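Here is a short note for a colleague meeting this structure.

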Amino acid sequence: MKPTLSLKTFVNRCLSCLMLAFVAAGVTGCGHDGVDGPVEMDFTEIVTFEGNRDGRAVFTFSKVDDSPLITLTSSSPLVTDDEPGTRMLVNYTMPGNQPYTSGEITLRGWARITQSPVMTDNPDALKFWDLDPLWLYSVWRSGYYINLRVRLTYTAEPRVFGLVLDPSTADSEYPTLYLAHIISTDVDYHDRDYYASFDISSVCSRSGVKGVRIYVNDTNIGRQIFTFLF
């Protein structure tokens, strides 16, 4: 049985499911008479939507850690109600098949992903952070964001899913964050894949901070501690 918690302690994160048919490593073209034609590669990245500018959608992202900011400009606007600053998963092609370079792209697909700032005032999330384990595929830092690909139990009920700060470590050189995952009710459904991106700027911009340590209750390879340096 799960501990009895008021739903007021839960953060109802809208989890964006990875149901993106466009996600692929690449596509190839085939010419006439069985002769292979040119290859047009698909690229998939977690980006920040900067808005539509002069009829074109603009996205930015860093490849990893503190690598230079890359700007992608679509040939058409993005028809969406999402505000600039929204984190998205985009799939695109670009001339020359050059990944991690700024330039004009052809947008093939996109989806808003789960996102939030670090939770700093949620004692229940901190106390019960490892209540519901998850399956971690990958975790990486890009600028002020911690990005994840995970597999979670599906439920339509409210849940906690996000990074929560241990306040006792807030002023240390390496603040501790916990990837809290708490489902409000007992469920036994199927799992789904999700992408998520959490803004850690409120933590890493503090004076004297050299990095963060992130605890994850991961059923893939067991509970892990990940350290990201700034």
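Is R56 buried, exposed or partly exposed? R56 is partly exposed, at a relative accessible area of 34%. Buried means under 20% relative accessible area, exposed over 50%, and partly exposed in between (1.4 Å probe, protein chains only).

1. Basis. This is a predicted model, where local features need pLDDT of at least 70, side-chain atom pairs count only at pLDDT 80 or more, and totals for chains, interfaces and linings use all residues. Residues are numbered from 1 along each chain as its sequence is written, and side-chain values use heavy atoms, leaving out hydrogens and water.

2. Total. The whole structure holds 8 salt bridges. The term means a side-chain nitrogen of Lys or Arg within 4 Å of a carboxyl oxygen of Asp or Glu.

3. E104 and R56. Their side chains form a salt bridge, N to O 3.0 Å. E104 lies in strand β7 (residues 103-112) and R56 in strand β4 (residues 56-62), so the pair ties together parts 48 residues apart in sequence. Strands (E, at least two residues) and helices (H or I, at least four) are DSSP runs, numbered from the N terminus. E104 is partly exposed, at 40%.

4. D171 and R206. This salt bridge spans 3.9 Å, N to O. D171 is in the loop between β11 and β12, R206 in the loop between α2 and β14, 35 residues apart. D171 is exposed at 74% relative accessible area, while R206 is partly exposed at 31%.

5. K210 and E173. The closest N and O atoms of this salt bridge are 3.5 Å apart. K210 lies in the loop between α2 and β14 and E173 in the loop between β11 and β12, so the pair joins parts 37 residues apart in sequence. K210 is partly exposed at 42%, and E173 is partly exposed at 39%.
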